[in-house]
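Let's take a walk through this model, one region at a time.

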Amino acid sequence: MAKKTETPVESAPYKCDVPWEQLMDDAAFVKVFLSDVLQDYVNKQRWYGGKASTMKYIELQEYFRIQQREEVYYGLLLEVNFEEAFYQHYFLPIAFVSDESLAEKDRILPITMGDQQGWIIDAVNLESFRRLVYERIASAEPNDTTRVRYHKSTLFEPGGYEDSKFMGLEQSNTSIIINGKSVIKFFRRIYADKNPDYEMSRFLSERKGYKNTPAYQGSLSIKDTDNVDVTIALMQELVPNEGDAWEYTLKELHKIFANLEYKRINIDRLPETRLFTRLSIRDVPPEIIDWAGLSIFLKLQKLAQRTAEMHIALGSEFEDTAFVPNHFNGDYEVWLKNRMLYMFQNRLNIVENNMGRLKGLSLELAREFLERKNEIRKRFVNFDWTKLKGERLRVHGDYHLGQILVNGDDFYILDFEGEPESTIRDRKVKQPPLKDIAGIFRSFHYAVYATIFNHQKDYNKPLEKLFKAGEILYRYFIGVFLETYIELIQKHNINIGYSVERIFLLKYCMLEKAVYELGYEMNSRPDWAVIPLEGIRSIIEEDH
Ligand SMILES: Nc1ncnc2c1ncn2[C@@H]1O[C@H](COP(=O)(O)OP(=O)(O)O)[C@@H](O)[C@H]1O
Ligand SMILES: O=P(O)(O)O[C@H]1O[C@H](CO)[C@@H](O[C@H]2O[C@H](CO)[C@@H](O)[C@H](O)[C@H]2O)[C@H](O)[C@H]1O
């Protein structure tokens, strides 16, 4: 049955004599629109990331016209100010429609302008708006120097506009599929700079010919009043896929855990391997292959290969300073430690303030986390750049299984926006590529524990035994991944340091990631906090 569309309770229309083409120049309208209309509207939107804080007021930071011939839409850059003394910027494209059937979704305000009656709505709902953006990108001048800039990749050969639809996934941005072949992602949270997703997508696919990320096709950006390039939208190739690697891994792991009983595996007799030991498939004992199957290890090798190729492309630049690799230095060390200590203190605070919401194993692990705070803090402070010889590169920055699409036997890497909590400048700082590897290893650990927590009853085994089996398997996953990754990276002369340095960086970055995740989970899904807490414990325990 088709879902009933919810009709918003409507206030009386706003009345004015200004035509749509001049509406945003009308101070009286803008004042009412920002304070009486948008505060409420923005607060209810899925893409609005400020819900945990208290909105104070909204200002219009910039607006610009998105237009073609007589067709005019407005792009608004809203500055949301919070009681907690910070602000965020959001992009909202608006359209005026007089036909009620076009104003079913995301209706913002009923309005009467002279003799024109209708509604202001979020323009992404209008096919005519989506078509216009696509056509402007597809026909962009090679060097558009106007304030509102459309860009088309030299490698993209666009066809005429046929159709478009919402990607329809739970997203922090809004993605539209065009002609079943391209995706235009409208960024909602906006930063006063080029978005790293745009920069990295263009650099990897257009400049370096890296094939395992959607090809960059074009973009929309504006030069703001400070003459800074601000990315508004990114257009990429639509990659056919069977879902993301997170879902895929969960499915595979469920089969593997179910095999424990089905194949009568004696967990206590499973051969173990040390964390970070490099393993070719030949080195994985037959008992492990019997239990988990060969195919998962072949998939891990493929993922390691695609990850290494991404870092090889990112580490191969000599001209564009945004991408040229650097060495470790004192500035980086100070920057890193400040960040880590700030983040760690924030996590301690969140956990202390929310102990009442935790129970069972989570509560036990949270207590242990608080008891061991000095030990963990010391780990973050213990970073000495003079001992590190490897390179720092631009990296993915938020690399986890949910950012990877599965397509047949291959993988495609997406979403280079970086860690949602970091500032835009911090996201562009060059990092050891092992930071991404630590991210994906944490994701393997997550997947193992998520599988155990989701299906514990199906496996007919005590929790400790399942944890033991999971930890063993996780170490083989990491070992096989590392062997392929390191071999390829070294073959292409990317310096990630000798073994001691590599292991130090992996442990450092894994602890960093797990502590980061603890904040993410406590804020967005507290039931999952047990996974990073377990991760932090196992990283700290490893050295005891
Ligand atoms: N180019 C693409 N091809 C195929 N699917 C895509 C593409 N870009 C995004 N997706 C789908 O949309 C989801 C969200 O994309 P992502 O770039 O992570 O958006 P957000 O930044 O809003 O989280 C992805 O997990 C994937 O399923
Ligand atoms: O929304 P983003 O993709 O930018 O990433 C954020 O959300 C992720 C959760 O969707 C979070 O990832 C964490 O959970 C994943 C499983 O859902 C797991 O695979 C990751 O290892 C774990 O970090 C990510 O940290 C956060 O930035």
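Covering here goes by contact, which takes two residues whose C-beta atoms, placed from the backbone, lie within 7 Å. Helices (H or I, at least four residues) and strands (E, at least two) are DSSP runs, numbered from the N terminus.

Before going further, a word on what you're looking at: this is a predicted model, in which local features need pLDDT of at least 70 and side-chain atom pairs count only at pLDDT 80 or more, while totals for chains, interfaces and linings use all residues. Residues are numbered from 1 along each chain as its sequence is written, and chains are lettered from A and ligands numbered from 1 in the order in which they are written.

Back to H3, which spans residues 196-207 and has 10 of its 12 residues buried. Buried means that 20 or more other C-beta atoms lie within 10 Å of a residue's own, exposed means 12 or fewer, and partly exposed is in between, with C-beta atoms placed from the backbone. The buried residues of H3 are Pro196, Asp197, Tyr198, Glu199, Met200, Ser201, Arg202, Phe203, Leu204 and Ser205. Just after the helix, Gly209 takes a positive phi of about 65°.

Next, have a look at strand E10 (residues 182-186). Because 4 of its 5 residues are buried, E10 is largely enclosed by the rest of the structure. What does E10 pair with in the antiparallel sense over 5 bridges? Strand E9 (residues 174-178) is one partner, and there Thr174 stands opposite Phe186 in E10. Pairing, by the way, requires DSSP to find at least two bridges between two strands. E9 and E10 make a hairpin with 3 residues between the strands, and in that hairpin Asn179 has a positive phi near 55°. E10 is also joined by 5 bridges to strand E13 (residues 229-237), and these two run antiparallel. In that pairing Ser182 faces Glu237 in E13.

Two more residues are worth a stop for their backbone angles. Most residues other than glycine have a negative phi, and most peptide bonds are trans. Asp106 has a positive phi near 50° and sits in the loop between strand E4 and strand E5 (107-113). Is Asp106 buried or exposed? Asp106 counts as buried because it has 20 C-beta neighbours inside 10 Å. Asn227, in the loop between E12 and E13, also has a positive phi, near 70°. With 7 other C-beta atoms within 10 Å, Asn227 is exposed.

Zooming out, the domain assignment, which comes from an automatic or database source, gives domain 1 (14-121) and domain 2 (129-237). Their C-alpha centres lie 22 Å apart, and the contact takes 17 residues from domain 1 and 19 residues from domain 2. On the domain 1 side, strand E2 (55-68), strand E3 (71-82) and strand E4 (87-97) each supply at least two residues, and E4 gives the largest share with 6 residues. By class, that side has 9 nonpolar, 5 polar and 3 charged residues. For these classes, Ala, Val, Leu, Ile, Met, Phe, Trp, Tyr, Cys and Pro count as nonpolar, Asp, Glu, Lys and Arg as charged, and the others, Gly among them, as polar.

Now for the ligands. Ligand 1 has 18 residues around it, with Gln171, Asn173, Pro214, Val239 and Asp415 coming nearest. A residue belongs to such a shell if its C-beta atom, placed from the backbone, lies within 6 Å of the molecule. The shell of ligand 1 splits into 8 nonpolar, 6 polar and 4 charged residues.

Around ligand 2 there are 14 residues, the closest being His400, Leu401, Ser443, Tyr446 and Glu517. Helix H11 (434-455) and helix H13 (499-524) each supply at least two residues of this shell, and H11 gives the most, with 3 residues. The shell of ligand 2 divides into 5 nonpolar, 4 polar and 5 charged residues.
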